[in-house]
Amino acid sequence: MSFDSGTYLLFLPAAVLLHWLCPHRGRWAVLLLVSLLFYAKWSVPLTGLLLAEAGAVWLSGLALGHWRRPALRRLALGLALAVCFGLLGHLKYFNFLAGTVSALLGGAWDAWDIILPVGCSFYTFQAVSYVADVYRGRLEPERHPGYLTLYLAFFPQLVAGPIERAGDLLPQLRRERRLGRGDVEAGLRLLLGGFFRKVVVADFCGRFVTAAYSAPEPDGSAVLLATLLFAVQIYCDFAGYSEIAAGSARLLGVRLMRNFDRPYLARGFRAFWRRWHVSLGRWFTDYVYIPLGGSMKGPGRQLFAVFAVFSLSGLWHGAEWSFVMWGLSHGALFAGELLARRAGIGPAQSNAGKGLELVLTFTAVSFCWIFFRADSLGHAALLLGRLFSPWDIPAGLACLGLTAMDGIRLALTLALLPNLDRLGWGKQRPQDMALVYFFLAVAVSWLIRLDSGGAGTFIYFQF
Amino acid sequence: MELLQSPLALVLYLSAAVLTAWGAARRGYVLSFLGGLLWGGGTVCALVDGAGLDGVLVITLALLLISAAPRRGEGGP
């Protein structure tokens, strides 16, 4: 079930209540049961797949804990990785690879009907991080199959992260938790902030983005505005999801990591990736970038590692060349910044220079979103062509369907964005009446959504 | 802009904005809550007079902006 569905608003309080009513010894079972119910709402057979992957990872963890011979340990690691990446590769990339090979050979591929399980990329990465950490000796293998399955299936972060490490999450799930007033308040604030981002900001921006990106020949001004709005939409959509996840977990006494830390205030691309989808960035750093040599084996090797990470990151987001292009464009920006730093250029010291860095970073990141949002590379090329053609601004506004009232609403929501960080993650809570208005804005937006018959879904669910 | 057809709603919303701003500036929560009550009254009038929810949302966001702005001495996140 989706976080922004009415069902979740009933499911969450019931799950929280059941969890706290149960004695500590049985809480893992309650959490596992409600997590599997949460996932089974999408598909019961695919829940079996999740359990099968958890079983394979648990067994390989036990084997790694038991075996001392390097060859056997490598075998256990290899088998676990083969199961995890084999499943992900088949479900997510088979049609993409077969289609690419067919196109190269001049044929056409009749795509197989393969259903990609929701959240597959996320729980697979968690499973891989667990096995890799046990193999490296950073983590003791989890002997209880229930706790290990719960680590992969914990419902707040099952579908779209954050990609938590077993070393952070498992001890929290195991220890006896008590619900404090601070947990309830922080959890509710995170939930409110997350719903505001999603229902009030992201869904509203998405309306105009969809209008421009689905138009056959959008005006360049419409492409520009829609791309800037998509930058806001995807941030609020995913950060909103992460906050709802963190808020839900907090009500269960579990702290999830902060996945977004005001990324559009980053000055530079390295800083951006330390603030955007933090859990994925850390995963790629630990399990791809550093094993490939990182910055320790010379600049050439480092650039190779950077491009490997970003192309894989693009591919992780979706089996489309446009996603690979998005990853590579970020890789180029990141590599450019590395080379500039090596040449002694920047970072800026003056306020004007810092402001310019911020604007340039945001502009470049927004430009890259074109590849991310486009349906294909051909569509991205069309949009870029329109962007650099002469503009007809009234036609562009008509294409977006942006009215004066929409403009005012947009300006107000954008002005409110800084307050959302204070609401969700700030130490000082906003005054009581602001909290009431946050709630009222979410409620009214939800009514508008119901009235228009639209139901939003989170962008990252497709990954 | 259907809100313009409901003068009473406009008056109530404007009063709500004044009370909310005043309450936020003085950290007077009673004033802010009175502003919230006026928001409720304005919304009822607006909806009875046929205004859409879009207008109500814009007013709500404006009042939220007024009440949520950090005061002097309050840091960021």
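Colleague: How many aromatic pairs does a search of the whole structure find over all chains?
Modeller: This is a predicted model, and local features need pLDDT of at least 70. With the whole structure searched, the number of aromatic pairs over all chains is 45.

Colleague: What is the geometry of the pair formed by the rings of A:F125 and A:F284?
Modeller: A pair of aromatic rings is described by the distance of the centres and the angle of the planes. For A:F125 and A:F284 the centres are 5.7 Å apart. Planes over 60 degrees apart count as edge-to-face. The planes here are at 70 degrees, so the pair is edge-to-face.

Colleague: Which helices does that pair link, and how many residues apart are A:F125 and A:F284?
Modeller: A:F125 sits in helix α5 of chain A, and A:F284 in helix α12 (residues 278-289) of chain A. The pair links distant parts of the chain, with a separation of 159 residues.

Colleague: Are A:F125 and A:F284 buried or exposed?
Modeller: Helix α5(A), which holds A:F125, is mostly covered, with 15 of its 16 residues buried. As for the two ring residues, A:F125 and A:F284 are both buried.

Colleague: What span should helix α5 of chain A have, and what are its end C-alpha atoms apart?
Modeller: The helix runs over residues 120-135, which makes 16 residues.

Colleague: Which residue with a positive phi follows α5(A)?
Modeller: The phi in question is near 80 degrees. The residue that follows α5(A) with this value is A:G137.

Colleague: What kind of pair do the rings of A:Y264 and A:F362 form?
Modeller: A:Y264 lies in the loop between α10 and α11 (269-275) of chain A, and A:F362 in helix α15 (residues 351-373) of chain A, so the pair ties together parts 98 residues apart in sequence. The ring centres are 5.0 Å apart. With the planes at 85 degrees, the pair is edge-to-face.

Colleague: Where does A:H330 lie, and which residues does A:H330 touch beyond four places away in sequence?
Modeller: A:H330 belongs to helix α14 (residues 321-342) of chain A. With a relative accessible area of 1%, A:H330 is buried. Leaving out residues up to four places away in sequence, A:H330 touches A:F272, A:W273, A:F310, A:V365 and A:C368.

Colleague: Which element gives the largest share of the lining of the second largest pocket?
Modeller: This pocket holds about 460 Å³ of space, and 18 residues line it, among them A:W273 and A:F310. At least two lining residues come from each of α11, α12, α13 (299-317) and α14 of chain A. The largest share, seven residues, comes from α12(A).

Colleague: How many nonpolar, polar and charged residues are in the lining of the largest cavity?
Modeller: The largest cavity has a volume of about 50 Å³. Its lining includes A:R197, A:Y235, A:D421 and A:W425. Elements that give two or more residues to this lining are α10 (220-251) and α18 (404-425) of chain A. By class, the lining has four nonpolar, two polar and four charged residues.

Terms used: Residues are numbered from 1 along each chain as its sequence is written. Chains are lettered from A and ligands numbered from 1 in the order in which they are written. This is a predicted model: local features need pLDDT of at least 70, side-chain atom pairs count only at pLDDT 80 or more; totals for chains, interfaces and linings use all residues. Side-chain values use heavy atoms; hydrogens and water are left out. On a 1 Å grid over the protein atoms alone, a cavity is a set of points where a 1.4 Å probe fits but cannot get out, and a pocket is an open set with protein on both sides within 12 Å along at least five of seven lines; lining residues have an atom within 4 Å of a point. Grid points are joined across faces, edges and corners, and a volume is the space filled by probe spheres set on the points. Ala, Val, Leu, Ile, Met, Phe, Trp, Tyr, Cys and Pro count as nonpolar, Asp, Glu, Lys and Arg as charged, and the others, Gly among them, as polar. The expected span of a helix is 1.5 Å times one less than its number of residues. Buried means under 20% relative accessible area, exposed over 50%, partly exposed in between (1.4 Å probe, protein chains only). Contact means heavy atoms within 4.5 Å. Rings of Phe, Tyr and Trp (its six-membered ring) pair if their centres lie within 6.5 Å; planes under 30 degrees apart count as stacked, over 60 as edge-to-face and the rest as tilted.
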